[in-house]
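Subject: Structure handover

Hello,

Here is the structure for you to look over. My notes follow below it.

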Amino acid sequence: MTVTTELADVLTAASLRWEEVAFQSGPADRPGAEAGVRLAYRIAGLAEPEKIIWVDSPAAGARAIALLGAGKPVRDAVRTGPWERARADVHASLGPTAWPLAWSLTGGRLWEPVGALVARIRRDIAAAEESPQVAAALRASTLDAVLGQQDAPWLSLFDALGRPEVTGLVQVAQTAGWWWPFERVAIVCERPAELHRDELSRLHRADGPALLFPDGFAMHAWSGTPTPADFAASMAGLTPERIRAQENAELRRVMLEHYGYDRYLAESGATPLHRDETGVLWRIDLAEDEPVTMVEVVNSTAEPDGTFRRYWLRVPPTTRTARAGVAWTFGLSEADYRPERET
C-alpha cells in the first residue's frame, strides 16, 4: 500500500482531531467511557469488570491502586495486545516505505508534545511524596496506566485506518483520561478541569496552574518550564535585580521572558556587542548559565501608524556579529546571508 494524497489527507485530519482529544479539558463523558471500558475488555476476550471506579486525577488513581483489592492487572490483554496486533497488521499493509510516512502524519506529529505532558504528570505525582518508597510505588502505578486521551499519538493512526482491535480504547480515550484495567475493577480518571498551553503545545500559564484536575492536583509552568505555585504572583514586582538574584537558572530564564528581554536590556544598562546594517547584537551574562544573546532588528515596513516595529531574535551565545545572528535565524552562514530586499 502507498500513502496516496487522499490517505494523507485522512491521516492529517485524524492527527488534528486527536490533538484536540489529547489536550481536551472538562468533565468526562462517564457513560461513554464506561461503555468503552467494557468493550475493551470484551475485545480482549475478558469478562467485563464488576465495578468501574472514577477518580478525579491520575494522582488519585495511582494512590487508589494501593488501597483496592482489584485483582490482577489485565493491561497487557486490554491495551498492549491490541496495540501489537494493530501495529503488526498496519505495518505489513503499508510496508516499510509507507509506514514511516503514515506515522509521521499522525503519531510522529503528536508524540513529543503529548509525551512531554505524560512525563510531567508522572514526575509530579511521584515528586509530591516525601517517602522515597511511596514515590517509587506511585510512579510504578503510573507506568501501569492506560493513558486514555494521552494515548492519542498511536490511536490517531489506528483509528484513522479503522482498526477494530482498538475500538474500545478509542472510545475511552475520546471520553476520559487515564485508566487502569484490573481483573474485577477498572479505575478511570476524569479529564483535566483546565489545561493551558502555548503555541508549541507546552504547558503554559502566567496567572495560575497550567494543568488542573478536579481534585486540585495541579501543575504550574511557563513555556513548559515547571514553576512554583506562587511564581506567577511574584511576577508583578519583577526588577532586573531580582532576575539576576534568582539562583535557579530555569526560573531566571522564565523571569527574563516574562519581563521582556528588551525591557531588561534597557533597564539594566546593557551595552551592545556589535552593530551593523542588519541590527544590534546584545548579550546578557547570567551567573551559572549560558549568556542570552539576541539581535535587535527593525522591521523595514512601517506599521499603520508610521512607526517601525522592533524584534528580538534569540541567537547562539557564540554569535559575534549582528549579521551572523540574523543569518543564523535563516539557517545561513554570515557569508551566505545577502538579502536583496529586507521586509
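Serine 201 lies in the loop between strand S4 (194–195) and strand S5 (211–212). Bear in mind that this is a predicted model. Serine 201 has a positive phi of about 65°, although it is not a glycine. Most residues other than glycine have a negative phi. Is serine 201 buried or exposed? Its relative accessible area is 13%, and the cut-off for buried is under 20%, so serine 201 counts as buried.

Serine 223 also has a positive phi without being a glycine, here about 50°. Look for serine 223 in the loop that links strand S7 (221–222) to strand S8 (225–226). With a relative accessible area of 12%, serine 223 is buried. What does serine 223 touch, leaving aside its neighbours within four places in sequence? The contacts are Asp198, Arg202, Leu203, His204 and Glu257.

Next, the sheet. Three strands make up an open sheet, in the order S1-S3-S2, with mixed pairing. Strand S1 (51–55) and strand S2 (179–181) are the edge strands. Each has a single partner strand, so one side of each has no neighbour in the sheet. From one strand to the next, the twist averages 15°. S2 and strand S3 (residues 185–189) run antiparallel and are joined by three bridges. Tryptophan 179 has its bridge partner in S3: valine 188.

Now the helices. Helix H1 (residues 5–22) and helix H5 (residues 107–127) have axes that come within 10 Å of each other. They cross at roughly 10°. Angles under 35 degrees count as roughly parallel, so H1 is roughly parallel to H5. The crossing of H1 past H5 is right-handed. Which residues make the contact? On the H1 side they are Ser15, Leu16, Trp18, Glu19 and Ala22. H5 contributes Arg109, Leu110 and Val114. By class, the contact of H1 with H5 comprises five nonpolar, one polar and two charged residues.

Then go to the antiparallel S2 and S3, where tryptophan 179 and valine 188 are bridge partners. Finish at the right-handed crossing of H1 and H5.

Best wishes

Notes: Residues are numbered from 1 along each chain as its sequence is written. This is a predicted model: local features need pLDDT of at least 70, side-chain atom pairs count only at pLDDT 80 or more; totals for chains, interfaces and linings use all residues. Side-chain values use heavy atoms; hydrogens and water are left out. Helices (H or I, at least four residues) and strands (E, at least two) are DSSP runs, numbered from the N terminus. Buried means under 20% relative accessible area, exposed over 50%, partly exposed in between (1.4 Å probe, protein chains only). Contact means heavy atoms within 4.5 Å. Two strands pair if DSSP finds at least two bridges between them. Axes are lines fitted to C-alpha atoms, for helices over the stretch in contact, and angles run from 0 to 180 degrees between N-to-C directions. Angles under 35 degrees count as roughly parallel, over 145 as roughly antiparallel, 65 to 115 as roughly perpendicular and the rest as oblique. A crossing is left-handed if the near helix is turned anticlockwise from the far one by less than a right angle, and right-handed if clockwise. Ala, Val, Leu, Ile, Met, Phe, Trp, Tyr, Cys and Pro count as nonpolar, Asp, Glu, Lys and Arg as charged, and the others, Gly among them, as polar.
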